[in-house]
Amino acid sequence: MKKPPTFQIFTVLLSLLLISAAGIGRERSIPTVPRLLQAVGNSNNLQVRKGTPFKIAIFADLHFGEDPWTDWAPRQDVNSLKVMSSVLDAETPGLVVYLGDVITANNLATHNASLYWDKAISPARDRNIPWATVFGNHDDAKFEWPKAWLSPSGVPPTRCPGTTSGCPSRGTTRVELVQGEIKASVKGLSRTMMGPNQLLPSVSNYVLPLKSSDPSKPAVALLYFLDSGGGSYPSVISNAQVEWFKTVSNARNPDLRIPELIFWHIPSKAYEKVAPPTDDEISKPCVGSITFDGKVATQDAENGMMAVLENRSSVKAVFVGHNHGLDWCCPGEKNLWLCFARHTGYGGYGFWDRGARIVEITETPLGIKSWIRMEDGFVHSEVNLSRA
Ligand SMILES: [Zn+2]
């Protein structure tokens, strides 16, 4: 039923009131971005130290909480903690990006999956390293009943094995997960923000500026995080997200002077176009590896987002996870770099060695490099992400 205009105005005013009560508008230094387009959270203090490159460690597809009622599965999470610890101790990054599929919610018979989310974050938090998260397609997925738990008639039990508080009726939502993360963040180390309400159901949409070592200078880089969906809704970048990105990026970087990096979980179809078909066929300018079949599992729709990024010369690279067996970087249209992360978690499918993609941003001279660091310390696939 179509609502009368007075009702719509009332709804907008009420939303504005609720949003300002929730703290939107803390990023006061950027007054040109409309208030409704801003996100809630802590965007402070990512700053380059003079003379020191700023490093970002990307942890992708950790898949904490797979089959937690078994003996073998919780050991996977312990092993994932070891991968993250070894990477963090070797690289000492200034930021960790958790690039989606942090948890496997469809295996979690719990009312509060935040406990597993929190465990996955702990290696960064324990080392006082700020982190930022985006959602993947498993993080808010609905619990799927293991067939073995069903009675012969197909009826699920009233109490799930291994739990004390009954069985969940639904997954922990994206909003609940991000609220839990921000609330549990010690010393404001979580830089995750909850995107503006008009982008719902997608939640992790926000931008973090990397400040210069000289406060009088503009940011060294802008890091954009987008929710590529999946789980409780289709894997899409919506029209609303494209418009949000255009508005926010034009306000923050109108002359395209600041390099910009994009982080989301599910590859767009542009990745399919540049994908090397097999490991043997990876050659320069592509770098990286294929340890499964080379097929890219893409988003359902991206509504012109890639064209916007390609036409914005300041955007240097897009980073995705999702395809656990791929860790390559290739230049796409207009030499925009399209990169996979590296499967970090022992959770999720895959028999290959685990590791993480590192991104290094240098202020003077300005440069962006990336490589993969494996759990055992081996470093490979270094690439310069400048855009020719
Ligand atoms: Zn995954």
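Visitor: How many bridges join strand E2 to strand E12?

Guide: Five bridges join E2 (residues 54–59) to E12 (residues 355–362), and the two run antiparallel. Strands pair if DSSP finds at least two bridges between them. Strands (E, at least two residues) and helices (H or I, at least four) are DSSP runs, numbered from the N terminus. Across this pair, Phe54 stands opposite Ile361 in E12. This is a predicted model, where local features need pLDDT of at least 70, side-chain atom pairs count only at pLDDT 80 or more, and totals for chains, interfaces and linings use all residues. Residues are numbered from 1 along each chain as its sequence is written.

Visitor: What is the order of the strands in the open sheet?

Guide: The order of its six strands is E4-E3-E2-E12-E13-E14, with mixed pairing. E4 and E14 (379–384) are the edge strands, each pairing on one side only.

Visitor: Which residues of helix H4 are buried?

Guide: A residue is buried if 20 or more other C-beta atoms, placed from the backbone, lie within 10 Å of its own. In H4 (residues 174–184), these are Arg174, Leu177, Val178 and Glu181.

Visitor: Why do they line one face of the helix?

Guide: An α-helix has 3.6 residues a turn, so residues three or four places apart point the same way. Seen down the axis of H4, the buried residues fall within an arc of 90° (taken from the directions from the axis to the C-beta atoms), so they line one face.

Visitor: And which residues of H5 are buried?

Guide: Gln241, Trp244, Phe245, Val248 and Ser249. They cover an arc of only 115°, which puts them on the same side of H5.

Terms used
Buried ≥ 20, exposed ≤ 12 C-beta atoms within 10 Å, placed from the backbone.
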